[in-house]
Every structure is written in C-alpha cells, then in structure tokens.
Amino acid sequence: MFCVRKAHSKDFADIAHIHCKSWHDAYLNLLPKSYINNKNNLIEKTKMWQEVITHPDVIIWIAYDANHKSLGFIGYFTKNNTYEITTLYVLSEYHGRGIGTELMNISLQAILASQTTAHFYLWVLENNVSAIHFYKKFGFVCNGEKSEEDYKDTQIVDIKMIKKNEDLPYSRL
C-alpha cells in the first residue's frame, strides 16, 4: 500500500536518492555505463533537488508507503499553462505496483482541475520502449521532435511526446 502527496521542501534528499538510484537502474541497459557514471551523482542530485524543490515553477508529487518510506516521484516544470514532465521515477524494487500510474494520474488530475487548457509534454529516451509504452497509456504521442547528443561512440536520442486527448481543448498541440 502507498499514498501520494505533493512534495515538501524537506523531501529533497529522498527525491535525490530515488532519482539517482532509479536513473541508474532505468538506463543501465540503455546507455553506456561511463555515461551513467558521469551523469548520475548522488551529491550533485541532492544539491540540485534542494534548489529545484523550492522553485515556484516546479510541481512535485511523491509516493510513500505506510512507514513513510519514499518510493517514487513525478516532477513538472510549468510555464503559463504548459507543463513539462521532467522526471518520473519509482525505485525498481517497487515496479509493477501501480506507483508510477498513480503518480501520473493524481498529478494530471490535479493540474487539469485548475488548468483545463493545460498542455503537457515530456522527453524520453528513444530506445526506452517500456517508458514510451507507459506514456502512451496516458494519451501521450510522439510529435516528431528529437534531441540528439553525441557521447563517445554513442548517439543518445530523446524524443518529444505530447499529451493528446481528443475531448479536451488542448488536444491539438
């Protein structure tokens, strides 16, 4: 059993821990190990989340269990009525329990309750098939935009996905 709530500023260390561990686990078979080791540092992520969590244009929801152990989180950056999902991570030992789905559902519903014309988008690693499939369940579609980064002998490609929902006014982004 788990619950979801908006994150508080004191949650930054838990969020950094989840981000670091989950980022490593998620990309271990998708990116070069040296890239992961270079980009994924707990000290840096802790400093980053300590600053980011208090930013007025950032919304973060966190999932936790009955013992108040943090299990996962979702983060958005907002500008006007546009919401970029920048992070969605669940500790790997808690995958398959509906935590990511609940984080996505609660956060989307909360935003849409106050911003009925909200636009949503995210960037996802092109070869992260499971994440792409997950986002498609929520009405996200690839819009053709790509961001490419060369790292040693590897090209890392992120694709942009937008939330498309035929019955809502923001559906035609």
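**A chat about contacts, salt bridges and the sheet**

Visitor: Which residues does Asn-128 touch, not counting residues up to four places away in sequence?

Guide: In this predicted model, Asn-128 touches Tyr-27 and Leu-30 once residues up to four places away in sequence are set aside.

Visitor: Where is the place of Asn-128, and is Asn-128 buried or exposed?

Guide: Asn-128 sits in the loop between E5 and H5, and with a relative accessibility of 9% Asn-128 counts as buried, because buried means under 20% relative accessible area.

Visitor: What does H5 lie across?

Guide: Helix H5 lies across E4, E5, E6 and E7, and the helix runs at about 165° to E5.

Visitor: OK, so what is the order of the strands in the sheet?

Guide: The sheet is open and is formed by seven strands in the order E1-E2-E3-E4-E5-E7-E6, with mixed pairing. Its edge strands are E1 (2-6) and E6, each of which pairs on one side only, and from one strand to the next the twist averages 25°.

Visitor: How many bridges join E6 to E7?

Guide: Nine bridges join E6 to strand E7 (residues 154-163), and the two run antiparallel.

Visitor: What is the relative accessible area of Glu-126 and of Lys-146?

Guide: Glu-126 has a relative accessible area of 36% and is partly exposed, and Lys-146 is partly exposed as well, with a value of 47%.

Visitor: And which residue forms a salt bridge with Lys-21?

Guide: Lys-21 forms a salt bridge with Glu-93, where the closest N and O atoms are 3.6 Å apart. Since Lys-21 belongs to helix H1 (residues 12-27) and Glu-93 to the loop between strand E4 (82-90) and helix H4 (99-114), the pair ties together parts that are 72 residues apart in sequence. Lys-21 is partly exposed at 30% relative accessibility, and Glu-93 is partly exposed with a relative accessible area of 38%.

Visitor: Which residues are linked in a network of salt bridges?

Guide: The network of salt bridges links Lys-21, Asp-25 and Glu-93.

Visitor: What about Arg-5, which residue does Arg-5 form a salt bridge with?

Guide: Arg-5 forms a salt bridge with Asp-11, and the closest N and O atoms of the two are 2.7 Å apart. In this pair Arg-5 is partly exposed, with a relative accessible area of 24%, whereas Asp-11 is buried, with a relative accessible area of 3%.

Visitor: Last one, Ile-62: where is its place, and which residues is Ile-62 in contact with?

Guide: Ile-62 is in strand E2 (residues 58-65), and Ile-62 is buried, with a relative accessible area of 0%. Leaving aside neighbours within four places in sequence, Ile-62 is in contact with residues including Arg-5 and Asp-11, and also with Cys-3, Val-4, Phe-73 and Leu-103, among others.

Visitor: How many residues apart in sequence are Ile-62 and Cys-3?

Guide: Ile-62 and Cys-3 are 59 residues apart in sequence, and in space they are 8.3 Å apart from C-alpha to C-alpha.

How values were computed: Residues numbered from 1 in each chain as written. Predicted model: local features only at pLDDT ≥ 70, side-chain atom pairs only at ≥ 80, totals over all residues. Heavy atoms only, no water. Salt bridge = Lys/Arg side-chain N within 4 Å of Asp/Glu carboxyl O. Buried < 20%, exposed > 50% of the residue type's maximum accessible area, 1.4 Å probe, protein only. Helix = DSSP H or I, 4+ residues; strand = E, 2+ residues; numbered from the N terminus. Pairing = 2+ DSSP bridges. Axes fitted to C-alpha atoms, helices over the stretch in contact; angles between N-to-C directions. Contact = heavy atoms within 4.5 Å.
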